[in-house]
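Reader: Could you walk me through a structure, one feature at a time? I would like to learn how to read each of them.

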Amino acid sequence: MGKVIAIASQKGGVGKTTTAINLSACLSVKGKKVLVIDSDPQGSLSFGLGIRRNGEKIKGLYEFYTNRASFEEVVIECIDNLFVIPTRIDLFMAELEIFETNEREKKLRLLLEKYKDDFDYIFIDCPPSFSFLTLCALVASDSVIIPVQCEQFALEALRIFIKLLWRIKGNFNEFLELEGILLTMFSKHLIMSRTIAEDIRRVFRSKTFESVIPRNVALAESSINGIPAIFYAPEAAGSIAYKELAEEFLTKNSLVPEELSQQASK
Ligand SMILES: Nc1ncnc2c1ncn2[C@@H]1O[C@H](COP(=O)(O)OP(=O)(O)O)[C@@H](O)[C@H]1O
Ligand SMILES: [Mg+2]
């Protein structure tokens, strides 16, 4: 049974796209069949996975959302086991077009239903806002990963986002769970980074991933070059951290519900 996971936060620049690219790539290297959907009109995920336009008009999430192209027409296999639905700026238009239709917030959920079980995991990279595209992604998802950059006001922003999640769970998607909070761009030499990480762990104990993503330039460079970090710089601290995150994610997802609740009560 495929699992759909949104990578979301209302804040920009916290590592959503970097996490979507590198967690999916690490899982695909481990033999999992993964689809990653670029649901941010800025298209950074598509760019980070090496999908360049070269003048030709590639079809993507906009065409899929608006029934202008089939799933098969928009999916690209970028490395073995890793598939992507790319995006261009015109995804902004999808918001307006879908808004006119019935059951609009369920649109992505309904579109993915048929394909969900063809993959082990489907990740949705969300835009940095509480937009309609974010709502559609959260309605289509089983769980959410929230990347948090260890900087000032991170805890306040996280609390606001989690409140929104529970509202969406109450009103639109009762099955939505919090997969985990991921500490990103962590600088162990900065007192603020350490203090904020401790505060978040204190408040959201069992919901914060043990794995922490350090600030590491190889992650930024690999995105610019359109190659996931495990291929671009396999020994870099950022690549190792995402490999650890993939292990942790897989372990968590292989636990049966009783084991999970035991883990949560620790
Ligand atoms: N752990 C990290 N270390 C260094 N740079 C990072 C790290 N994570 C992300 N970046 C860089 O920071 C910028 C914002 O990250 P991104 O993943 O695009 O955030 P978001 O999708 O939340 O807006 C990008 O330029 C990215 O390459
Ligand atoms: Mg992004």
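This is a predicted model: local features need pLDDT of at least 70, side-chain atom pairs count only at pLDDT 80 or more; totals for chains, interfaces and linings use all residues.

Reader: How many bridges join strand 1 to strand 5, and do the two run parallel or antiparallel?

Author: Residues are numbered from 1 along each chain as its sequence is written, and chains are lettered from A and ligands numbered from 1 in the order in which they are written. Helices (H or I, at least four residues) and strands (E, at least two) are DSSP runs numbered from the N terminus, and two strands pair if DSSP finds at least two bridges between them. Here, strand 1 (residues 3-7) and strand 5 run parallel, joined by five bridges. Val4, for example, has Ile122 in strand 5 as its bridge partner.

Reader: Which way does strand 2 run relative to strand 5?

Author: Strand 2 (residues 34-38) is parallel to strand 5, with five bridges joining them. Val34 stands opposite Tyr121 of strand 5.

Reader: Is strand 5 mostly covered or uncovered?

Author: Count neighbours: a residue is buried if 20 or more other C-beta atoms, placed from the backbone, lie within 10 Å of its own, exposed if 12 or fewer, and partly exposed in between. In strand 5 (residues 121-125), five of five residues are buried. Tyr121, Phe123 and Asp125 point one way, Ile122 and Ile124 the other.

Reader: What span should helix 1 have?

Author: The expected span is 1.5 Å times one less than the number of residues. For the 14 residues of helix 1 that gives 20 Å, which agrees with its end C-alpha atoms, 20 Å apart. Of these 14 residues, 13 are buried. After helix 1 comes Gly31, with a positive phi near 95 degrees.

Reader: How do I read two packed helices?

Author: They are described by the angle between their axes and the distance between the axes. Axes are lines fitted to C-alpha atoms, for helices over the stretch in contact, with angles from 0 to 180 degrees between N-to-C directions. The axes of helix 8 (residues 154-171) and helix 9 (residues 191-203) come within 10 Å and cross at roughly 30 degrees.
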